Amino acid sequence: MQYSIANPEEISAVLGPVVVIIVGVFLLVVSLAILIITAVVYCKIFHKAGYNWALGLLALVPVACIIMPFILAFGHWPVLKELEELRRRQ
């Protein structure tokens, strides 16, 4: 039997596309996980602020995710409105 040692160029020609696919799939999974976590966090923040939780899904929209922190920072939260009304009643 005669064994031949593969040429390094042949190995890289075969493994190159496989490595690119593996890295691409890994980056896609990580990106999707980050997007889902971000959306869940924003949903929770909007819910605790008294807004509809579904506004957190706007984190998936590119322009809206820039505007959302401004709404949270400078908007009048429904929870605070309710608290003011309860304080006025007492």
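This is a predicted model: local features need pLDDT of at least 70, side-chain atom pairs count only at pLDDT 80 or more; totals for chains, interfaces and linings use all residues.
Let me begin with helix α2, where Ile66, Phe70, Ala73 and Phe74 are exposed on one side of the helix, exposed meaning over 50% relative accessible area, buried under 20%, and partly exposed in between, with a 1.4 Å probe and protein chains only. Residues are numbered from 1 along each chain as its sequence is written, and side-chain values use heavy atoms, with hydrogens and water left out.

Which residues of helix α2 are buried? In this helix, which covers residues 64-74, they are Ala64, Met68 and Leu72. They lie on the same side of α2, because the arc they cover around the axis is only 75 degrees, the arc being that of the directions from the helix axis to the C-beta atoms. An α-helix has 3.6 residues a turn, so residues three or four places apart point the same way.

Turning to the whole chain, its secondary structure comes to 3 helices and 0 strands, where helices (H or I, at least four residues) and strands (E, at least two) are DSSP runs numbered from the N terminus. The chain is more spread out than a compact globule, because its radius of gyration is 26 Å, well over the 12 Å that the globule rule gives for 90 residues; the radius is taken over C-alpha atoms, and the rule is 2.2 Å times the number of residues to the power 0.38. Along the principal axes, the C-alpha atoms fill a box of roughly 95 × 25 × 15 Å, and of the 90 residues, 12% count as buried.

Helix α1 spans residues 8-49 and contains Leu15, which is partly exposed at a relative accessible area of 45%. Leu15 also belongs to a nonpolar surface patch, whose members include Val14, Val18, Phe26 and Ile34, with about 910 Å² of accessible area together. Such areas come from the Shrake-Rupley method with a 1.4 Å probe, and for residues only the protein chains shown count as cover. Patch residues have over 30% relative accessible area and no salt bridge, with like charges joined within 9 Å and nonpolar side chains (Val, Leu, Ile, Met, Phe, Trp, Tyr) within 5 Å; a salt bridge is a side-chain nitrogen of Lys or Arg within 4 Å of a carboxyl oxygen of Asp or Glu.

Finally, Ala54 sits in the loop between α1 and α2, and counts as partly exposed at 30% relative accessibility.
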